[in-house]
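Please keep the sequence and the structure in view while reading.

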Amino acid sequence: MKTSVIGYPRIGKNRELKFASESFFKNEITEAALLDVAAELRKDSLLKQKEAGISFIPSNDFSFYDNVLDAAVLFNIVPDRYKTLGLSELETYFAMARGYQGEKGNVKALAMKKWFNTNYHYIVPEIDDNTEIKLNGNKPVEAYKEAKALGVETKVALVGPFTFLKLAKYTGDKTAKDFVSSLVTGYIELIDKLAAEGAEWVQIDEPSLVKDVDSEDKALFREIYQSILKNKKSVKILIQTYFGDIRDIYSEVTSLDFDGIGLDFIEGRKTLGLVKTNGFPADKILFAGLVNGKNIWRNNYAKTIDALKELKAVAANVVLGTSCSLLHVPYTLDSESKLSDDYLKHFAFAEEKLQELRELSELTDIADNGNVAAQATFTDNQQLFQGRVDSVDEAVKKRVAGIKDSDYTRLPDFYEREKIQKEKLNLPLFPTTTIGSFPQTQDVRQNRQKFRKGLISVEEYMEFNKNKIAECIKLQEEIGLDVIVHGEYERNDMVEYFGENLSGYIFTEKAWVQSYGTRCVKPPIIWGDVSRKKPITVEWSKYAKSCTDKPVKGMLTGPVTILNWSFPREDISIKESTLQIALAIRDEVLDLEANGIDIIQIDEAALREKLPLRKSDWYSEYLDWAIPAFRLVHSGVKPETQIHTHMCYSEFTDIIPAIDDMDADVITFEASRSDLQILDSLKENNFKTEVGPGVYDIHSPRVPSVDEIVKALSDMRSRIEDRKLWVNPDCGLKTRGETETKASLINLVKAAEQIRKSGAES
């Protein structure tokens with residue numbers, strides 16, 4: 001049986017791309033040096049897949065920042081404000097992704113959103129009425145030629161035109177329909193170029209097909225692909241879907257002249273049923289995504305082989321593949337030296353998934369002709385699913401089972417609490433604050449590393465962090481912020497830090513995964529039942545409170561985000577895991593309150609991440625337990641304790657009632673790259689919660705001016721009552737530099753003071 005990989009990680013086994021890119025941003029290395037690092041990473045990826053015997057290896061899956069941004073640049077979709085900077089092609093590309101502030105101009109970055117239901121982020125293409133879409137680059141062709149020169153025949157991976165048009169932002173009067181013809185022409189020209197170079201297969205990724213697809217979408221899809229397929233000539237076209245099933249458009253996809261169709265059998269709950277019920281065309285190859293590209297647990301070979309048997313009964317030609325790109329998992333287990341084999345044998349990162357594909361290919365062939373159960377690779381695999389050591393805690397299970405309906409409800413209601421809190425906290429109009437973390441400078445990281453290596457005592461470690469907290473609070477007081485944070489210097493990551501203080505978690509050393517651009521995360525692994533061992537943040541918050549007379553926020557990560565930004569278990573439901581975490585964080589909330597912390601922020605940055613891609617599944621499969629899980633965390637606090645939450649990105653206009661139902665007192669969210677459409681939705685839905693839409697972009701090194709922030713706040717005031725509007729950055733400041741952070745916060749406070757003055761005058 002042949003095998004296929006949709007995409008491969010690109011940051012490097014040791015994050016080489018991250019460090020090279022950041023050195024380039026600082027002018028420490030040349031563009032040529034950065035290109036050399038990238039070429040070595042691509043070479044390693046291609047040869048590793050070839051060595052593993054993968055039949056269909058992707059090229060053009062590499063990106064310096066994001067594949068959707070690559071596609072925008074490839075087809076000349078570069079807004080004029082970036083072109084007029086006069087930068088090099090690569091620098092212009094990075095300006096679109098990160099913004100630019102320097103001698104050649106000052107521009108904000110393009111918007112950034114979550115890539116479907118993952119923790120990866122894509123750059124949103126921006127198309128105005130004057131955009132001339134045309135093929136204006138050669139990246140996919142060069143990627144194919146590069147692979148061929150290494151002796152690797154590849155399928156060239158492209159972001160699909162349907163998905164691209166659905167994800168793009170249209171800033172004028174024109175809509176996606178107005179750009180179909182020119183974009184399709186560009187794709188046809190590109191495919192012709194690939195054919196001229198000898199490319200046999202082109203993989204066109206269309207994950208938008210797994211969402212709700214209406215009749216208008218179907219017409220758009222047909223218009224695009226009837227043209228492309230009519231002109232494909234010698235190249236074979238694989239349409240690749242992932243993150244769900246294509247139930248709304250299965251018949252249209254299978255009726256078109258594709259040579260291969262890639263379907264997700266992991267997250268696509270109805271995929272197997274679609275194929276069995278409707279059949280699969282005999283003249284097409286089914287690329288069956290049966291090896292999980294998003295989670296890190298070993299594949300159950302028995303289940304996969306059984307699924308392949310069912311598929312081969314209805315499809316003439318089946319290729320075994322990953323369910324999605326391996327971009328979403330770490331590189332290799334070879335980098336993990338501290339975890340025992342009792343743990344490691346249960347995991348498969350990207351390299352190990354290549355081996356799984358090879359073994360499954362061999363075992364499937366054996367299963368067709370003999371007794372697969374006699375094979376050592378099969379029996380060894382099946383032993384992994386007989387249970388795991390230390391994964392069950394009966395006390396935790398009993399506590400979850402004992403949750404009552406009343407535990408999900410906070411009393412008194414929001415409006416009564418709001419009056420009580422305003423009287424107690426006595427904050428001004430447009431109160432200013434930050435989201436939590438302050439820059440994690442080199443000395444902070446070194447202090448943590450020394451402590452982990454045993455080079456300094458716990459007393460020395462804590463003394464250093466207390467000094468940093470005191471400095472951070474003094475800085476915030478000098479700047480004039482109204483609600484203070486302690487800076488989170490003791491935390492490596494907002495999820496990993498809590499995982500380290502909860503039972504049921506295990507941790508890797510170098511299992512990095514790209515989140516966006518150069519930002520990488522190292523998700524912890526939920527190994528077993530979760531509970532809190534002891535207070536986690538209380539001592540730090542108490543110390544911070546002792547350093548100032550201003551209100552101090554206790555900073556926690558919420559249960560849904562902890563779950564969504566971890567690699568979850570597969571032996572129990574996500575709901576049960578989340579409730580276990582919720583009870584642990586509830587204990588921390590109550591301890592903070594008991595120690596005099598009047599404001600507690602419980603971040604749910606990733607609440608939307610696991611939201612089903614189909615609206616019909618939102619409540620039945622997610623919101624009906626995710627929202628109550630958040631309420632469970634804070635329902636036990638007193639009326640005067642103000643509960644904040646933070647959410648990444650403002651892309652939740654369609655679930656406003658659910659967000660309000662979280663019953664927080666204040667919600668902050670990223671908004672600086674958006675058009676603030678969400679504020680209209682808040683107003684339309686009579687959103688009761690106080691809000692802090694971000695007024696400057698922390699994913700960019702730009703320092704926003706006072707006027708820029710004043711304008712943003714003025715726009716916000718037209719949709720939000722003055723008494724409900726908070727002023728804050730988009731997100732935490734961990735990844736930013738100290739100088740730019742201070743300058744930005746000074747401008748933020750000055751802008752709030754100007755707006756406050758105008759509010760008083762009006």
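The sections below treat ring pairs, then a ring cluster, then charges over rings.

## Aromatic pairs around phenylalanine 221

The model is predicted, and a search through the whole of this structure finds 29 aromatic pairs. One of them joins phenylalanine 162 to phenylalanine 221 in an edge-to-face arrangement, with 5.9 Å centre to centre and 90 degrees between the planes. This pair links distant parts of the chain, since phenylalanine 162 belongs to helix H7 (residues 161-167) and phenylalanine 221 to helix H9 (residues 215-230), 59 residues apart. Phenylalanine 162 counts as buried because its relative accessibility is 1%, and phenylalanine 221 is likewise buried, with a relative accessible area of 0%.

Phenylalanine 221 also pairs with tyrosine 225, and here the rings are tilted, at 4.9 Å centre to centre and with 45 degrees between the planes. The two residues are four apart in helix H9, so about one helical turn separates phenylalanine 221 from tyrosine 225. Tyrosine 225 is buried, as is phenylalanine 221.

## A cluster of rings

Elsewhere, ring pairs connect Phe24, Phe25, Phe62, Phe64, Tyr93 and Phe94 into a cluster.

## Charges over ring faces

Phenylalanine 62, one of the residues in that cluster, has arginine 42 lying over its face, at 5.0 Å from the ring centre.

How values were computed:
Residues are numbered from 1 along each chain as its sequence is written. This is a predicted model: local features need pLDDT of at least 70, side-chain atom pairs count only at pLDDT 80 or more; totals for chains, interfaces and linings use all residues. Side-chain values use heavy atoms; hydrogens and water are left out. Rings of Phe, Tyr and Trp (its six-membered ring) pair if their centres lie within 6.5 Å; planes under 30 degrees apart count as stacked, over 60 as edge-to-face and the rest as tilted. Buried means under 20% relative accessible area, exposed over 50%, partly exposed in between (1.4 Å probe, protein chains only). A charge sits over a ring if NZ of Lys or CZ of Arg is within 6 Å of the ring centre and within 35 degrees of the ring normal.
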